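I opened this notebook to record, step by step, what I looked up in the model.

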Amino acid sequence: MQLDETHDVSLRSWVDSANLPDSDFPIQNLPFGVFRRAGSVEPFRIGVAIGDQILDLAAVLKAGALGKGAVGPMRQALSASVLNDLMAAGPGLWSELRLLLSRALRLGSPQQSSWEGCLVAQSHAQFALPARIGDYTDFYTSIHHATAIGRMFRPDNPLLPNYKWMPIGYHGRSSSIGVSGQGFRRPVGQFAPSGALPPSIAPSSRLDYELELGVFIGAGNELGSPIPIDEADSHVFGLCLLNDWSARDLQGWEYQPLGPFLSKNFATTISPWIVTLEALKPYRVPWTRPSDDPAPLPYLDSPQMRSHGGLDILLEVWLSTEALRRLGAPALRLSRSNARYAYWNMAQMVAHHTINGCNLQPGDLLGSGTQSGPEEKEAGSLLELSKGGKTPIRLPNGEIRSFLEDGDTVIMRAWCERAGVARVGFGELVGSVAPALER
Ligand code: MN
């Protein structure tokens, strides 16, 4: 992968907090989000994270401080209240903008004096969904997750025969996607433990999270025109964290024959920042699979995809309970995994999604599926960590968890790091469970 001056590990910013070694948002990252000052009625606008600050792009434009770059399509895309127009603009304009931002935010840049007034502290910001999400599709790309879950639902037949031939997915629902900070009521639904009839209708007692990456589509494709695998990455604007909240009891009863429905569509939470594929370039890794597994069909395979189709992204889930917070105790890490374990990668998801001619549109969101690793402790859901409730997790204050309780807050984090390369982080995704509505 061709790196450029924006990836240079020695770059420093005049925003001091961006230069701290553990910052998620150094000058080599520059992720996009949508925000306004918390407690204000200002319009939401596009911002770029830099250290613990947000560069307010609307303010930069207003000050006429974007310089020669602020012409035509870029000005229009950046003055919007969602990222869809920028996403639609495609990789040429994304690169131009990244270079412009990188140069202006560097130590010693002539823009410092005019841009300093365009910063808002992230701690004083309220975030909104970064895009108008037309369609949301959730995949199932971790074979470790698919096998562990399959074993619980179908002990005799955990991995169905299609799994190794195509990235399995289902169409989710975009209306209930919220940005980090989302709270939602425990869903009520129908379930039949061990198939006992008649089924119950009650609040879910097996509420779970799923640790996923979200893939935001940039430029779309025409209906009827599949995206070839080697062009797939140029249709991806960037990645975020995604929590696909799941009610396992509802899921177990409803999922056959048409897949998940009400067990998944009551809430999905994403992180506020979208990390661009350009920022992630240094962390591309080869895509491989065991030699005795089938090679992908040609439309899902290519030398380019094999050489850097994977992504080396560390992923973590943390839990904070009401009781822990009362004690002033910190959140507890439940697991750590890595996106490189995925059996199917981002380019394969895009190529497969469109092979039938299905059109993707700017701002569409693809979930990666739960990113569990090969080891049990790398599981990306409670269903796996507690083995379906058989081995509850013991918290330091004596509480136990098989599934989520009311008042629980789930925190997800992700970042990339390697010696000699700038760290690139995703920030945090936070979501909380409120009690079910009284019925
Ligand atoms: Mn999922």
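I began with the donor residues of the manganese ion, which follow the spacing D-x71-E-x1-E-x31-D in sequence; donors here are N, O and S atoms within 2.8 Å of the metal (3.2 Å for Na, K and Ca), and sites may look incomplete because water is not among the atoms. Aspartate 138 lies in strand β6 (residues 136-139) and glutamate 210 in the loop between β12 (207-208) and β13 (211-217), so this pair ties together parts that are 72 residues apart in sequence. Strands are DSSP runs of E with at least two residues, numbered from the N terminus.

I noted that this is a predicted model, in which local features need pLDDT of at least 70 and side-chain atom pairs count only at pLDDT 80 or more, while totals for chains, interfaces and linings use all residues. Residues are numbered from 1 along each chain as its sequence is written, and side-chain values use heavy atoms, with hydrogens and water left out.

I then listed the coordinating residues as Asp138 (OD), Glu210 (OE), Glu212 (OE) and Asp244 (OD), at 2.1 to 2.2 Å from the manganese ion. Aspartate 138 and glutamate 210 are both buried, meaning under 20% relative accessible area (1.4 Å probe, protein chains only).

Next I looked up the open sheet, where 5 strands run in the order β4-β3-β2-β1-β5 with antiparallel pairing; two strands pair if DSSP finds at least two bridges between them. β4 (119-121) and β5 (125-128) stand at the edges with a single partner strand each, so one side of each is left without a neighbour in the sheet.

Definitions and conventions. Helix = DSSP H or I, 4+ residues; strand = E, 2+ residues; numbered from the N terminus. Buried < 20%, exposed > 50% of the residue type's maximum accessible area, 1.4 Å probe, protein only.
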